[in-house]
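Subject: Structure handover

Hello,

Here is the structure for your set-up. Please look it over before you read my notes.

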Amino acid sequence: YLYPDIAQSVIDVLNRGGVDVIVSPRELCCGIPAISAGDHATAKRLARHNVHLVRKFNVDYVVCACSTCTHTFMKDYPELIGEDAAAFAKKAMDVSCFIRNVLGLTAARTDVTATYHDPCHMRFGMNVTKEPRELIAQASRFVEMPCADKCCGMAGAFGIINHAISKKIFERKAAAVRSSGAQVVATSCPSCMMQLRGQLHDRGIAVDVVHTVELFRRGMIEKQKREK
């Protein structure tokens with residue numbers, strides 16, 4: 001609902017890779033807001049709904065462009081509803097890992113310099129660090145920012161409820177982005193994107209903030225142009 005352009009980019013990239021993508025209008029929230037608020041009854045209801053819905057389609061993978069949602073599917077669903085979620089959790093995969101490790105798609109380097117911010121759930125929850133960087137390095141001139149693995153301060157509702165603390169936490173990230181000299185900051189979490197866009201704008205740091213897949217899609221389009 002916040003960033004439908006990310007979903008469109010994911011679908012386009014996967015379609016270009018020969019993947020049939022199913023997006024059901026009956027999908028519901030992964031449940032992490034309810035889990036974070038301590039409402040496990042609602043989280044269980046959402047988990048059961050999503051697991052049973054996906055089971056009907058008999059898909060090979062459950063691909064997600066939000067690191068927190070992916071982590072919830074993989075780690076939280078089995079704890080919430082047990083064995084019923086086991087097969088679903090095994091099929092869940094971050095879209096960067098799917099593009100890189102399953103599809104093996106490639107892109108052409110565009111004329112931008114980009115850096116990467118590690119979402120906490122991606123790096124520490126799922127130990128995924130290599131694949132997003134590899135996609136970015138294909139589609140841009142990649143530079144590693146200092147402290148790329150440090151939290152941006154958003155952490156879902158934390159950045160809204162504790163806005164002043166969240167801004168202070170971001171100071172280190174702002175300095176890191178500025179020192180990288182990058183024109184684009186890519187990340188794999190829409191919540192982190194919201195924080196990066198808002199906080200960098202407030203500090204007058206003029207960089208573009210995009211999802212990793214959006215940047216990779218630009219590289220795929222560039223590659224297609226060059227091959228014509």
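The notes below go through strands, a helix, aromatic pairs, salt bridges and cysteines.

First, the ground rules. This is a predicted model, with local features needing pLDDT of at least 70 and side-chain atom pairs counting only at pLDDT 80 or more, while totals for chains, interfaces and linings use all residues. Residues are numbered from 1 along each chain as its sequence is written, and side-chain values use heavy atoms, with hydrogens and water left out.

Strands

Helices (H or I, at least four residues) and strands (E, at least two) are DSSP runs, numbered from the N terminus. Strands pair if DSSP finds at least two bridges between them. Strand β5 covers residues 184-187. β5 pairs with strand β3 (residues 113-117) in the parallel sense, over four bridges. There, Ala114 has Val184 of β5 as its bridge partner. β5 also pairs with strand β6 (residues 208-211), again parallel and over four bridges. Val185 stands opposite Val209 in that pairing.

Both faces of β5 are covered. Val184 and Ala186 are buried on one side, Val185 and Thr187 on the other. Buried means under 20% relative accessible area, exposed means over 50%, and partly exposed is in between (1.4 Å probe, protein chains only).

β5, helix α11 (residues 190-202) and β6 make a right-handed β-α-β unit. Right-handed here means that, with the strands pointing away from the viewer, the path from the first strand over the helix to the second runs clockwise.

Helix α12

This helix has 16 residues and reaches 23 Å from its first C-alpha to its last. That is close to the 22 Å expected at 1.5 Å a residue (the expected span is 1.5 Å times one less than the number of residues). Its buried residues are Thr212, Val213, Glu214, Leu215, Phe216, Gly219 and Met220.

The term means a side-chain nitrogen of Lys or Arg within 4 Å of a carboxyl oxygen of Asp or Glu. Glu227 and Lys223 are four residues apart in α12 (residues 212-227), so about one helical turn separates them. Glu227 is exposed, at 58% relative accessible area. Lys223 is partly exposed, at 26%.

Other salt bridges

The structure holds 13 salt bridges. Which residues are linked in a network of salt bridges? They are Asp118, Arg123, Arg133, Glu144 and Asp149.

Two of its contacts involve Arg123. Asp118 bridges to Arg123, with the closest N and O atoms 3.1 Å apart. Asp118 is buried, with a relative accessible area of 0%. Arg123 is partly exposed, at 26%. Asp149 also bridges to Arg123, with the closest N and O atoms 3.8 Å apart. Asp149 lies in the loop between β4 (141-142) and α9 (158-161), and Arg123 in helix α7 (residues 120-125), so the pair ties together parts that are 26 residues apart in sequence. Asp149 is partly exposed, at 22%.

Aromatic pairs

Rings of Phe, Tyr and Trp (its six-membered ring) pair if their centres lie within 6.5 Å; planes under 30 degrees apart count as stacked, over 60 as edge-to-face and the rest as tilted. By this rule there are four aromatic pairs. One is Phe73 with Tyr77, edge-to-face, at 5.2 Å centre to centre and 70° between the planes. Both residues lie in helix α4 (residues 67-81), four residues apart, about one turn. Both Phe73 and Tyr77 are buried.

Phe73 also pairs with Phe88, edge-to-face, at 5.1 Å centre to centre and 90° between the planes. This pair links distant parts of the chain: Phe73 is in α4 and Phe88 in helix α5 (residues 86-91), 15 residues apart. Phe88 is buried, as is Phe73. Phe73, Tyr77 and Phe88 form one aromatic cluster.

Cys66 is in none, and its nearest cysteine sulfur, that of Cys69, is 3.6 Å away. Cys66 is buried, at 14% relative accessibility. Cys152 is in no disulfide either; the nearest cysteine sulfur, that of Cys192, is 3.9 Å away. Cys152 is buried, with a relative accessible area of 1%.

Best regards

Technical notes:
Disulfide = S-S within 2.5 Å.
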